[in-house]
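Try each task before reading its solution.

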Amino acid sequence: DEDWVLTANNLKQQVRKLWDFDKPYRHPGVELGTSTQIGISLGVALAHKGKGRIVVDIQPDGDLMFDAGALWVAAKYEIPMLVVMHNNRAYYNDWAHQIRMAKLRGTDETKAHIGMDLFGPEPDFAALARSMGCYGEGPIDKPQDIRPALLRALAEVKNGRLALVDTITQHRLYAFFVIEHRVRAPMLDFTYFRSRSFLGANLVAFIVSFAMLAMNSMSCSTTI
């Protein structure tokens, strides 16, 4: 039953397959690359402040690493926004490229993670948000915990705060398997797919999408 706006990242157009973009203001446009999304999102949220709309930012972890101070700006100027982390703990798009090039050049694939991974230690984005004066919850890696966290965060947004929910996702989705299993030298050892934690992370990614879809569906029903 909420009127919503998606700020920038639409998961490479995948969100448009799930959400009903029935108003011109639903999505002003995509981000301009890594390090631009959080700033663009704050601008969108500021523009919609006081209009009764829930502004949603599907926020990549690598992007926020470049401008974590933006969270302080949101707290300082009371800019409400729901930030749902798309946290795969990596700059994975480039990491995958590094693996591919290592295979082609015959260099050490085990070094492809250097400068690409975001774990060991893992950034605690929920704690980061709280330290900046925002609401933060997570990290969340269990699908059943996502919806309650989103509802708690939504209540904070309605009270005028930026609320961040740190959801952990896997590096790639099903398309990775569909494409890579046909490649002579795949980027990933497919025995990983037998791991419960690996498959669980994949499920979390889908649950986040469907949870947001459910919120949108309620909004559409109320509008009608």
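**Exercise 1.** Is Arg 152 buried, partly exposed or exposed?

*Solution.* This is a predicted model, in which local features need pLDDT of at least 70 and side-chain atom pairs count only at pLDDT 80 or more, while totals for chains, interfaces and linings use all residues. Residues are numbered from 1 along each chain as its sequence is written, and side-chain values use heavy atoms, with hydrogens and water left out.

Step 1: take the classes, where buried means under 20% relative accessible area, exposed means over 50%, and partly exposed lies in between (1.4 Å probe, protein chains only).
Step 2: Arg 152 has a relative accessible area of 42%, so Arg 152 is partly exposed.

**Exercise 2.** Which residue forms a salt bridge with Glu 137, and how far apart are the closest N and O atoms?

*Solution.* Step 1: recall the criterion, a side-chain nitrogen of Lys or Arg within 4 Å of a carboxyl oxygen of Asp or Glu.
Step 1: the partner of Glu 137 is Arg 152, with the closest N and O atoms 2.3 Å apart.
Step 2: Glu 137 is in strand S4 and Arg 152 in helix H6, 15 residues apart, so the pair links distant parts of the chain; helices (H or I, at least four residues) and strands (E, at least two) are DSSP runs numbered from the N terminus.
Step 3: check the cover. Glu 137 is buried, at 14% relative accessibility.

**Exercise 3.** Which residues are linked with Arg 53 in a network of salt bridges?

*Solution.* Step 1: begin with the pair of Arg 53 and Asp 3, whose closest N and O atoms are 3.5 Å apart.
Step 1: this pair joins strand S2, which holds Arg 53, to strand S1, which holds Asp 3, across 50 residues.
Step 2: Arg 53 is partly exposed at 22%, and Asp 3 is partly exposed at 24%.
Step 3: the network links Arg 53 with Asp 3, Asp 22, Lys 23 and Arg 26.

**Exercise 4.** What is the strand order of the open sheet, and which strands stand at the edges?

*Solution.* Step 1: two strands pair if DSSP finds at least two bridges between them.
Step 1: the 5 strands run in the order S1-S2-S3-S5-S4, with parallel pairing.
Step 2: S1 (3-6) and S4 each have a single partner strand, so one side of each is left without a neighbour in the sheet.
Step 3: look at one pair. S2 (residues 53-60) and S3 pair in the parallel sense over 5 bridges, and Asp 57 stands opposite Val 83 in S3.

**Exercise 5.** Which residue has a positive phi although it is not a glycine, and which peptide bond is cis?

*Solution.* Step 1: most residues other than glycine have a negative phi, and most peptide bonds are trans.
Step 1: Glu 78 has a positive phi of about 50°. Glu 78 lies in the loop between H3 and strand S3 (81-87) and is exposed at 54% relative accessibility.
Step 2: the bond from Gly 138 to Pro 139 is cis, with omega near 5°, and Pro 139 belongs to strand S4 (residues 135-140).
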